[in-house]
Amino acid sequence: MRAAVLTIDVQTALFEPPPRPFEADAVVARINDLTRRARAAGVPVLHIQHERPDSALARGSSGWQFQPALHIAAGDIIMAKTTPDAFLRTELQAWLNEHGIGRLIICGYASEFCVDTTTRRAAALGFEVVLAADAHTTHDKLHASAAQIRAHHNATLPGITSFGPLIAATPSAAITF
């Protein structure tokens with residue numbers, strides 16, 4: 001089954017202002033390692049970029065830019081989104097279908113919003129999903145720390161079997177192409 005890597009919302013406004021997301025630098029390093037290995041194996045890398053007018057994520061603003069430490073290669077695909085669902089009102093599904101992709105490796109920001117929503121939607125659309133278990137992050141919330149939120153999603157998303165395709169949570173270094 002042909003795979004693709006999706007990095008979600010690794011953008012300056014989400015990663016740079018204090019307080020920074022949980023393990024921000026380590027997460028970006030893991031994403032960079034994962035995408036480097038994917039490119040070496042001929043696996044496409046897609047960077048999903050959130051935009052929201054009149055906010056720190058306004059198209060073209062400094063906050064909308066990708067986090068400077070994120071490695072983006074010349075052949076990578078960049079797609080914009082405006083909701084937590086990277087499939088909603090975007091060309092993502094059409095691109096994946098056109099390129100025969102059946103397996104998605106998902107990483108990025110935010111574990112409980114865009115990563116969660118896109119993971120669920122991908123499985124609902126028939127894609128097998130591998131959540132890079134240590135390469136997604138978020139900020140601490142009043143009800144739970146970012147580490148707890150990430151652990152929760154790593155534990156619960158693979159338990160969703162009703163979509164049909166499997167969802168796995170796998171440490172990024174153990175993901176193979």
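**Close-ups of a predicted model**

**View 1. Cys114, tucked away.** Cys114 is buried, with a relative accessible area of 8%. Keep in mind that this is a predicted model.

View 2. Cys107 is in none, and its nearest cysteine sulfur, on Cys114, sits 13 Å off. Cys114 is likewise in no disulfide, with the sulfur of Cys107 as its nearest, 13 Å away. Cys107 is buried too, at a relative accessible area of 0%.

**View 3. Helix α2 and its neighbours.** Helix α2 runs over residues 24–40, which makes 17 residues. From first C-alpha to last it reaches 24 Å, close to the 24 Å expected at 1.5 Å a residue. Its buried residues include Val27, Val28, Ile31, Leu34 and Ala38. In general, an α-helix has 3.6 residues a turn, so residues three or four places apart point the same way. The buried residues of α2 pack against strands β1 (2–8), β2 (45–50), β4 (101–109) and β5 (128–137), plus helices α1 (12–15) and α5 (146–156). Just after α2, look for Gly42, which takes a positive phi of about 80°.

**View 4. Inside the largest pocket.** The largest pocket holds about 170 Å³ of space. By type, the lining splits into seven nonpolar, one polar and four charged residues.

Technical notes:
Residues numbered from 1 in each chain as written. Predicted model: local features only at pLDDT ≥ 70, side-chain atom pairs only at ≥ 80, totals over all residues. Heavy atoms only, no water. Disulfide = S-S within 2.5 Å. Buried < 20%, exposed > 50% of the residue type's maximum accessible area, 1.4 Å probe, protein only. Helix = DSSP H or I, 4+ residues; strand = E, 2+ residues; numbered from the N terminus. Expected span 1.5 Å × (residues − 1). Contact = heavy atoms within 4.5 Å. 1 Å grid on protein atoms, 1.4 Å probe; cavity = no way out; pocket = protein on both sides within 12 Å on 5 of 7 lines; lining within 4 Å. Points joined across faces, edges and corners; volume = space filled by probe spheres on them. Nonpolar A, V, L, I, M, F, W, Y, C, P; charged D, E, K, R; others polar.
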